[in-house]
Amino acid sequence: MSRVNIVLALTLVVCALAVVQAQHRSRTYFIELERLKKEARALDEQWGQLQLEQSTWANPARVDAVARQQLGLLAPTPDRIHVETGVDLP
Amino acid sequence: MNYHSRKLLKLNLAPWRFATVAGLLLVGLTTVGARAFYLQGLHTDYLQGKGDAVANRNLTLPAHRGQVADRHGQLLAISTPVETLWARPADLKLTGAQRAQLADVLDLPLATLEKRLARRTRGEFNIKRPVTPEQAAKIAAMGAPGLVLRREFRRYYPAGDVAAHVVGFTNIDDVGQEGVERAYQDWLAGRAGERQIMRDRRGNVISDRAPIKTAQMGGNLALALDLKIQYLAHRELAAAIARHKAKGGSVVVLDAKTGEILALANQPNFNPNNRRDYEPGPMRNRAVIDTFEPGSTIKPFVAAAVLERGLYHPDSVIDTPETWRVASKLVRDVHPHPHMTVTEIIQKSSNVGAVKLAMTLTSQQYWDVLHRSGFGELPGSGFPGETAGRLRDAASWKPVEHATMAYGYGLSVSLLQLARAYMAFANDGEVMPLSFLKREPQEIVGERVFSPTVARQVRSMMEAVTQEGGTGLRTRVPGYRVAGKTGTAHKVVNGRYAPDRYLSSFVGMAPASNPRLIIGVVVDEPSDGVYYGGSVAGPVFAQVMAASLRQLGLPPDAPETATHMTQQMISRPKGGA
């Protein structure tokens with residue numbers, strides 16, 4: 001009888017410690033999860049800013065100005081365009 | 001066992017000592033009990049509140065507004081968080097060195113900064129919005145008391161004024177005010193969520209106290225707009241407005257097969273990123289909201305109406321004297337020819353010819369064709385404030401009105417409406433519903449307006465407009481066949497037609513063998529002496545069309561004209577009317 005009691009008491013202590021351990025781990029993981037969520041949000045915001053930056057650089061008005069003024073590009077005249085129809089006419 | 005019987009446990013204590021100890025213990029117990037009762041019983045709400053205030057927090061989960069992009073995913077509007085710098089005057093203590101450093105980081109002259117910081121107000125005030133992320137990091141590193149960095153969402157329009165009228169803008173509360181931002185407000189707006197959490201001493205989140213109400217992010221929109229074509233339309237229109245010293249103008253580019261609005265530009269316009277100089281005039285989307293009398297651009301509908309009833313054939317010859325009287329109105333041709341075919345009436349834009357054709361119809365028949373083509377009806381683009389124009393009931397027409405209606409006076413249309421109506425000619429008689437949003441071809445059901453035969457006949461008449469002897473020589477595009485119609489209308493000023501104020505327009509399509517694009521151009525009051533639709537609006541059309549066709553990579557349907565035409569255009573810079 002008393003031996004059973006001792007075993008039960010020991011089991012109880014072990015279980016109690018396991019609960020404490022589990023609770024602690026749950027908190028740690030939760031904090032980690034929160035941190036990662038925050039990081040995801042920050043990355044999302046950064047992505048938005050990069051998209052904004054990219055579209056600002058790729059703005060057609062800017063591309064037009066750079067192509068004409070800095071690179072000296074020109075639209076090809078029609079006589080310099082050769083159209084391939086893909087069909088050989090007889 | 002009896003304790004009293006054991007000798008060892010017998011204590012020889014004076015009774016007062018026992019009484020004192022027992023008394024002290026009792027007093028202590030009572031004090032603790034009373035205190036516990038005081039805290040737990042009487043002050044529990046207050047203390048619980050205090051405790052919760054330390055540990056519990058309600059967080060708002062911010063939801064940002066959806067993005068707006070063009071059909072290829074190029075951004076037109078995006079919300080992104082920015083840091084703003086605020087000062088809390090009560091805590092603000094900056095050393096001279098810190099002030100200098102702050103001025104340096106913010107790239108402001110020290111004097112300006114001093115002036116801003118010197119403001120004495122209750123509460124916080126704004127020093128600079130927005131600051132860049134790099135600046136924010138440096139300011140945070142300074143750790144100066146009283147300087148607060150706040151994060152707020154700001155809407156940016158990377159395309160700026162290029163797509164301003166279509167995209168519109170939001171107000172300071174992130175609510176759409178104009179354009180697509182307003183039309184799709186419910187879809188774009190996000191709904192903020194909420195979380196109730198418990199924190200530990202270090203500020204970490206320990207657990208959720210209630211189920212999370214997740215934030216609903218705003219939906220993204222893909223517009224039908226093609227930013228490159230939009231830019232071309234914007235650029236060419238702005239150049240033409242400047243060249244002809246005009247008051248304003250609009251360009252609309254439609255996909256003839258799907259009814260999608262590929263570009264829509266107006267002048268004057270505005271930059272949605274800079275809302276400080278708010279002026280309602282330039283913000284108006286003229287192409288959709290304003291109406292004008294279409295003038296000669298209505299004539300193809302007259303031709304379609306008479307062809308449809310089998311009254312004439314494209315080659316039927318009609319006597320066209322220089323003037324023609326209908327009731328009290330004398331109709332006049334600027335470039336008279338004694339006889340013209342129906343095709344030539346369209347090609348040379350003869351008023352007399354158009355009136356004679358229209359008079360063979362009853363008013364009800366003519367009204368029916370105009371009504372079917374969408375005049376007097378909302379074009380259905382979903383754009384806020386779009387106008388239906390004006391087309392009065394046929395029963396109320398006087399004969400004079402019936403006649404003037406044949407060359408585009410007495411009814412009013414918007415440019416978008418006019419371009420939409422031309423879709424019937426471009427698309428073998430079928431008009432596709434307009435859309436500002438990108439859509440899949442299979443989800444579109446068109447509306448039949450003319451039979452395919454009539455639509456093709458009118459289209460080839462309109463092709464003659466751009467050929468030798470037509471009014472639209474300057475609308476030609478090297479390598480492609482172009483069909484279209486010029487329009488030059490007098491403006492109404494104080495209830496009368498002003499003899500010297502015009503609206504020049506051109507609506508056309510290409511490649512004419514199987515039109516893919518419809519472009520409508522209208523220029524308001526060109527005032528450098530040139531005012532014919534073919535000379536003012538025509539070149540804008542040609543430039544935008546040429547570039548757009550190239551952009552879409554459509555194969556030329558008249559490659560042999562390319563070199564020949566370029567030489568012509570070079571040798572004759574000022575083309576026909």
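Before anything else, I noted that two strands count as paired if DSSP finds at least two bridges between them, and that helices (H or I, at least four residues) and strands (E, at least two) are DSSP runs numbered from the N terminus.

I am working with a predicted model, where local features need pLDDT of at least 70, side-chain atom pairs count only at pLDDT 80 or more, and totals for chains, interfaces and linings use all residues. Residues are numbered from 1 along each chain as its sequence is written, while chains are lettered from A and ligands numbered from 1 in the order in which they are written.

**Entry: strand S9 of chain B**

I began with S9(B), residues 248-255, and its two partners. With S10(B), residues 261-267, S9(B) runs antiparallel over six bridges, and there I found B:Leu254 opposite B:Ile261. Five residues separate S9(B) and S10(B) in a hairpin; in that turn, B:Gly259 has a positive phi of about 75 degrees.

Next came S19(B), residues 517-524, which is joined to S9(B) by eight bridges, again antiparallel. Here B:Gly249 faces B:Val523.

Is S9(B) mostly covered or open? I found seven of its eight residues buried (20 or more other C-beta atoms within 10 Å of a residue's own; exposed is 12 or fewer, partly exposed in between; C-beta atoms are placed from the backbone).

**Entry: an open sheet in chain B**

I then looked up a three-stranded open sheet of chain B, antiparallel, in the order S1-S6-S7. Its edges are S1 (56-61) and S7 (205-208), each pairing on one side only. From one strand to the next the twist averages 40 degrees (axes are lines fitted to C-alpha atoms, and angles run from 0 to 180 degrees between N-to-C directions). I counted six bridges between S1(B) and S6(B), residues 193-199, and saw that B:Leu59 has B:Arg195 of S6(B) as its bridge partner.

**Entry: helix H1 of chain A**

One of the 56 residues is buried, so H1(A) lies largely in the open.

**Entry: where the chains meet**

How many residues of chain B are in contact with chain A? I have 24, against 20 residues of chain A (contact: C-beta atoms, placed from the backbone, within 7 Å). On the chain B side, S3 (75-87), S7, H9 (227-243) and H20 (561-571) each supply at least two residues, and S3(B) gives the most, with four.

Conventions
Contact = placed C-beta atoms within 7 Å.
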